[in-house]
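Open the model in a viewer and keep the selection tool at hand. The stops below are taken in order, each with something to select and a note on what is there.

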Amino acid sequence: MRFLRTQALATGAVLALVLSACGDDTAKEDAGPSVEVKDDTQFPEGSTMAKLADAGKVTIGVKVDQPGLGFLEPGAEAPEGFDIEMARIVAGALGIEDDGSIEWKETISDNREPFLEGGKVDLVFASYSITDERRQVVGQAGPYYVTGQQLLVREEDKEKITGPDDLKGVKVCSVEGSTSLATVQDEYGASPSPRGTYSECVEELKQKTVDVVTTDGSILLGYAAEAPDELEVVGKPFSEERYGVGYELGDTELCQFISDTLKASMEDGTWAEAFEATLGKSGVETPEPPALDECL
Amino acid sequence: MQVLIDNFGLILDGFVKTLWLLLFAGLIALVLGTLLVALRVSPVAVMRAVGTSYINVVRNTPLLLIVYLFGALFPVLGYTASISSYIDYSFITATIALGMYAAAFVCEALRAGINSIPVGQAEAARSLGMTFGQSMSTVILPQAFRAAIPPLASTYIALAKNTSVALAIGVTEAAFAMKKLNNEYATGRSWIFFGFAVGYILIVWAIAAFAHGLERQAGKAR
Amino acid sequence: MSDVQTRDSPDRTDSNLVSLRQVDKWFGDLHVLQDINLDIARGEVVVVIGPSGSGKSTLCRTINRLEPIDKGEITLDGQPLPQEGKELARLRAEVGMVFQSFNLFAHKTVLDNVMLGPTKVRKRGASEVKQQAMQLLERVGVEAQANKYPAQLSGGQQQRVAIARALAMQPKVMLFDEPTSALDPEMIAEVLDVMVGLARDGMTMVVVTHEMGFARTAANRVIFMDEGKIVEEETPEEFFTNPKSDRAKDFLGKILKH
């Protein structure tokens, strides 16, 4: 607990620095590390990579309401976050630069599969947990990040609620239709209180109309950092969420290409740079990159 | 299909909560709507103005906005009470918001009913020495309810479907169950949508059948 | 009816039941009642006739304030008509009204129509009221229809029920606003018979009608209205045999021609 508290304070300080840097025009360049854009791409004829590279355009489904992962500031043109950085790395490997050639399309939990199946997006980087169920309808390359579900509580409740076993009958808020909410409801007997966004959940937590907010720890840390005297992240992660890259089912060539690109970024340090520039800002130590699944 | 069978309990729980929302909000709407229509046709100008203002404000505001407004307003006013973990703060708030919203439409359905009652009925009641309240409660409203059954049925059908808006402030009704299943079963989406559509259709069908029965009952008395 | 009086000698000076003083009413620009002065004595039967649009129906409806007036004063048994409210409702209970279109309560049985006033307004016990209601239905000859709904009755039957409904309140005066105008010809007589009976029993009545036969047999006085004014006020014999004004002559000429 003490450790997390210190982290939260540190995050606050970092956030303050970031916010102060946001006023001027250079802010956008600070937002992420430079991504290598290849200009000598060679892809097998007829492959999806060749098609995208020839078109010079790619449409990527992302979330816009998850701080640190995929978040669109009100008024900003492009979203920011770790998902976004990873997407830029993959697009760069296709020879596509984030200068308007990447179309960021907002996806919500409900429409990620339909968007991939209907060809409305080419790739999905949207805190998209890999599951066997999903892999029956879409392809999921990766994981490029592994996180775990944690709990955010009010400061005065931190002794009372210390882990998922304390959730029985407790009002727990998360985004409607999210895996996190289903987990606490189905496995820990929590009373689910769904909302549209995490910010709404945090607001309800402060208003005391719910008692816990749950989702991936990295997101919760960001909120705790904004109100260090009021909110606290408690307990160890109690689930494993493996974020994958969504693509159209059966495109093994594309999967292999994404895996290779992810692997290269993990080896040459761009993965770590991307993490530090986004999720790392909330004070989390940069973890070891996860091992990738085989493309089948 | 399997997804519906495996999760029948969850789906049923969702629809049961939807029905509770419909029942409580429907009762609030009926009582408040009746009071509003009494204001709307009152001989006192100030009362008419109050009734008309309510209708204009509520009917021209999107339901989602009203639900959010109540969800945000009550905690600020210090009201976050729950009756039980089932009838919790979200449920109460959503019920009040839905009821107040539907009341505007109930009022207008009743007003259409009242307008369809010949003016002679009210004159006859008044000429017997009935007060405004007596003539409304014993002569006009009972007949207006009959004439208003079809538009009231439409209002209640709309309310049944509108209960899904309660999800926005955390009520775990049918739409919540649907979202939950959608997230967990990427392969069964068509069946999930189909199953929930059938659930709502059954509710709507029950309302229509009830209204039809009432109409026949009323028809006998003529 | 409680107070049976001899209708041959109504006392018009001392006990005016209804009194209109300098009454004016406008519908927008239309001056429908112009300086109306009228006294109706206890037990008197007054028939109001006149061409359509003459204001006769409006006059009738001002007496229980279904139509409010703009100027002047109306008193009922010495009391001025109050504003809309409980006090007015109490006064209206003393005034029976029969409408052209019957206006029976469509959702109530015939018996309930007759019982509604005494039970709701007078708060009298249901069993006693029911007994009295059945007597009234018998008196107007529709006791066999007591448990039917108004829509199941003929127009003549409905109007007789409407009369019974008004009588159930034991009113001091009965207003009839063209009670036979909406009836098929073969049903007019059954309603007029009831009204003649009432007049014989001494009921104070104001009757707006085109039925000259009724006026001749039952009225103490005929009032002829035209363009919002009372043009003539006479005994029936005098009015029908010797009308004074040209307009009355003209009117009578038209309606008695056939």
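Begin by selecting C:Arg61, which is buried, with a relative accessible area of 12%. This is a predicted model.

**Stop 1**

**Stop 2: the interface of chain C and chain B**

Now select the residues on both sides of this contact. Chain C contributes 27 residues and chain B 19 residues. About 2,000 Å² is buried between chain C and chain B, and carbon and sulfur atoms give 62% of that area.

How many salt bridges does the rule find across the interface of chain C and chain B? It finds 1, and that salt bridge includes B:Glu123 and C:Arg61. Polar contacts between chain C and chain B come to 7 residue pairs, with both residues at pLDDT 80 or more. On the side of chain C that touches chain B, at least two residues each come from α2 (86-92), β6 (95-98) and α3 (110-121) of chain C. Colour α3(C) separately: with 4 residues, α3(C) supplies the largest share of that side. By class, the side of chain C that touches chain B holds 14 nonpolar, 4 polar and 9 charged residues.

**Stop 3: within chain C**

Stay on chain C and select C:Arg42, in the loop between β2 (30-41) and β3 (45-49). C:Arg42 is partly exposed, with a relative accessible area of 27%. Then pick C:Asp77, which is 35 residues from C:Arg42 along the chain, with 9.1 Å between the two C-alpha atoms. The side chains of C:Arg42 and C:Asp77 are joined by a polar contact of 2.9 Å.

Next, colour chain C by confidence. The average pLDDT of chain C is 90, and 94% of its residues score at least 70. For the complex, the predictor gives an ipTM of 0.88 and a pTM of 0.71.

**Stop 4: the interface of chain B and chain A**

Move to the other contact of chain B. Here 26 residues of chain B touch 26 residues of chain A. Chain B and chain A bury about 2,100 Å² between them, with 48% of it on carbon and sulfur atoms. Which three residues supply more of the area that chain B buries against chain A than any other three? They are B:Lys179, B:Asn183 and B:Arg189, with 27% of that area.

Between chain B and chain A the count is 4 salt bridges, and 6 residue pairs are in polar contact, both residues being at pLDDT 80 or more. Select α4 (63-76), α5 (89-115) and α9 (174-184) of chain B, the elements that give two or more residues to the side touching chain A. The most, 6 residues, comes from α9(B). The side of chain B that touches chain A divides into 12 nonpolar, 9 polar and 5 charged residues.

**Stop 5: two salt bridges between chain B and chain A**

Select B:Arg189 and A:Glu113, which form a salt bridge with the closest N and O atoms 2.9 Å apart. This pair joins two chains, because B:Arg189 lies in helix α10 (residues 189-220) of chain B and A:Glu113 in helix α5 of chain A. B:Arg189 and A:Glu113 are both buried.

Then select B:Lys179 and A:Glu176, whose side chains meet in a salt bridge at 3.3 Å, N to O. This pair also joins two chains, because B:Lys179 is in helix α9 of chain B and A:Glu176 in the loop between β8 (171-175) and α6 (179-188) of chain A. Both B:Lys179 and A:Glu176 are buried.

**Stop 6: within chain A**

End at A:Asn111, in the loop between β4 (102-106) and α5 (112-117) of chain A. Is A:Asn111 buried or exposed? A:Asn111 is buried, with a relative accessible area of 18%. A polar atom of the A:Asn111 side chain lies 2.9 Å from the backbone nitrogen of A:Ile108.

Methods. Residues numbered from 1 in each chain as written. Chains lettered and ligands numbered in written order. Heavy atoms only, no water. Buried < 20%, exposed > 50% of the residue type's maximum accessible area, 1.4 Å probe, protein only. Polar contact = N/O pair within 3.5 Å; in protein donor to acceptor, adjacent residues only side chain to side chain. pLDDT = per-residue confidence, 0-100. Contact = heavy atoms within 4.5 Å. Buried area = accessible area lost by both parts, 1.4 Å probe. Nonpolar A, V, L, I, M, F, W, Y, C, P; charged D, E, K, R; others polar.
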